[in-house]
Amino acid sequence: MLRLLPENHDRAAAVLEIVVQETHRVGLGSNRSALLRVAQAVHELWELKDTDDDLGKAPRSGAVRRSPSGDCCVDHPVPQSYLAEKLLSLGKEDHRVPYISNLLHQYGFFCLLTPEEKDRLVDAGLAETMPAKWNRIDRYARYSEVGIRMGDDRIYSRDEFQHLLSGPAAEFYVYRLRTPANKVFYIGKGEELRALSHEKELYRKCFRTHTNWKKLNKIAQVLRAGKSIGYELESWHVDETQAFLREDELIVMAERANPWILCNSNGRRWAGKPNRHLVALRAEHGLEN
């Protein structure tokens, strides 16, 4: 996560205070000079960050990871004008460094795209603006609009996904589990082979007190029908906090579209009991329920 060095806290607070005072004086609106001043402040704040947070931790599009030349361009998924509005909406009592750091981490981060992907954004009129119907949640909305993928554009079988994860392009990832009908029923953040652990849970000798029965029942139903779970790699991440943020974004968007679609929704994940498919599957393997 982006962190401001302790010795830079006072300087960071002063930078924000200056930009807030100046912009409140002239007003934000469509005032170009005000936005430029905020953009300058954002860059100043970035310069005060922990030096361990560099280009090596920036998310990369799938095309950049696959590019043999390694050519890439820096792009802010959320244009700085939006971050400017967020900063300028802070009340006086919220001019605290931890809050500033959080806003920078959520909206001031950058990704690496190929030059061709950057051109796509320009051609679509999205170089410096979010899509007209942006839901204010999906920070990758500009990329989705022009077909830029931060993960992989296919659904994998379990064996294929295991092979993919055996040589990961980053330490953390966000994934979706899909039914044979291609419906998403689980979204998670993982590292190493975490995404493959859900099917293994079906065959535990005993279940934990807090077991996600809805998830296990769904997987058992698919396997008992002789079909397979589909695995989707949504995005790679070097920064674990960015992976968690992306997972949260996807879960919120999925639940807004259909409150009952996911098996890891808060308040419902621990409810229920083994269904007949899970009971039968475990019996076939000599396991008690």
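**View 1. Contacts and overall make-up of the predicted chain.** Of the contacts (heavy atoms within 4.5 Å) in the protein chain with a separation of 6 or more, 72% join residues 24 or more positions apart. The model is predicted, with local features needing pLDDT of at least 70 and side-chain atom pairs counting only at pLDDT 80 or more, whereas totals for chains, interfaces and linings use all residues. Residues are numbered from 1 along each chain as its sequence is written, and side-chain values use heavy atoms, leaving out hydrogens and water. The protein chain has twelve helices and six strands, taken as DSSP runs (helices H or I, at least four residues; strands E, at least two) and numbered from the N terminus. Of its 289 residues, 47% are buried (under 20% relative accessible area, with exposed over 50% and partly exposed in between; 1.4 Å probe, protein chains only).

View 2. The structure contains ten aromatic pairs (rings of Phe, Tyr and Trp, the last by its six-membered ring, with centres within 6.5 Å; planes under 30 degrees apart are stacked, over 60 edge-to-face and the rest tilted). Phe-161 and Tyr-173 are edge-to-face because their ring centres lie 6.4 Å apart with the planes at 80°. This pair joins helix H8 (residues 158–165), which holds Phe-161, to strand E4 (residues 172–178), which holds Tyr-173. Tyr-173 also forms a tilted pair with Tyr-175, at 5.8 Å centre to centre and 50° between the planes; both tyrosines are buried. Phe-161 is likewise buried, at 0% relative accessibility.

**View 3. The buried salt bridge between Arg-142 and Asp-75****.** This is one of 17 salt bridges in the whole structure (a side-chain nitrogen of Lys or Arg within 4 Å of a carboxyl oxygen of Asp or Glu). The closest N and O atoms of Arg-142 and Asp-75 are 2.9 Å apart. Arg-142 belongs to helix H7 (residues 141–145) and Asp-75 to strand E1 (residues 73–75), so the pair ties together parts 67 residues apart in sequence. Arg-142 has 0% relative accessibility, and Asp-75 has a relative accessible area of 4%.

View 4. Arg-120 is partly exposed at 27% relative accessibility, as is Glu-116 at 45%.

**View 5. The salt-bridge network containing Arg-246 and Glu-234****.** The closest N and O atoms of these two residues lie 2.8 Å apart, and both residues are buried. The network also includes Asp-138, Arg-139 and Glu-249.
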